[in-house]
Amino acid sequence: MTDILKENAPGASVVAMSGPTLAMEVARGVPTAIVAASAECSGGADGAGLFHSPAFRVYTSSDVHGVELGGALKNVIAIGAGVCDGWRLATTRRRRC
């Protein structure tokens with residue numbers, strides 16, 4: 001996604017943000033963390049400075065594509081976990097003697 005943004009907004013600082021966050025939890029002040037990645041050194045720090053608070057940690061990285069891919073994979077895993085939870089698969093473990 002950042003590549004598309006860079007093509008359409010040349011010269012703009014583009015930051016990819018990803019993390020295991022839920023908007024309702026962030027709004028309630030539940031502690032969480034994300035990563036702000038930018039190819040430019042100051043881009044990630046600028047993004048971190050905008051959102052960082054005592055309950056919301058923002059870490060920086062220069063691995064933009066890694067953060068984007070990790071965020072996409074996290075979402076696939078979260079959907080699978082939600083399906084398993086909905087089907088109550090986690091509670092049907094067999095007990096071993």
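This is a predicted model: local features need pLDDT of at least 70, side-chain atom pairs count only at pLDDT 80 or more; totals for chains, interfaces and linings use all residues.
Residues are numbered from 1 along each chain as its sequence is written, and side-chain values use heavy atoms, with hydrogens and water left out.

Let me begin with the fold. The secondary structure comes to 4 helices and 3 strands, where helices (H or I, at least four residues) and strands (E, at least two) are DSSP runs numbered from the N terminus. Along the sequence, these elements follow the pattern α-β-α-β-α-β-α. If we take contact to mean heavy atoms within 4.5 Å, then, of the contacts with a separation of 6 or more, 55% are between residues 24 or more positions apart.

Turning to burial, I call a residue buried under 20% relative accessible area, exposed over 50%, and partly exposed in between, with a 1.4 Å probe and protein chains only. On that basis, buried residues make up 20% of the 97 residues. The largest nonpolar core has 5 residues, namely Ile34, Ala36, Ala48, Phe56 and Val58; such a core is a set of buried Ala, Val, Leu, Ile, Met, Phe, Trp, Tyr and Cys residues joined through side-chain atoms within 4.5 Å. Strand 2 (32–37) and strand 3 (56–61) are the elements that give two or more residues to this core. Leaving aside neighbours within four places in sequence, Ala48 is in contact with Ala36, Val58 and Thr60.

Now some individual positions. Thr32, in strand 2, is buried at a relative accessible area of 15%, and, with neighbours within four places again left aside, its contacts are Pro20, Thr21, Val26, Ala55, Phe56 and Arg57. Ser38, in the loop between strand 2 and helix 3 (41–51), counts as buried because its relative accessibility is 2%. Gly71, which belongs to helix 4, is buried with a relative accessible area of 8%, and its C-alpha atom is separated by 8.4 Å from that of Met17, 54 residues apart along the chain.

Finally, the surface. The protein exposes about 7,400 Å², of which carbon and sulfur atoms supply 62%; accessible areas come from the Shrake-Rupley method with a 1.4 Å probe, and for residues only the protein chains shown count as cover.
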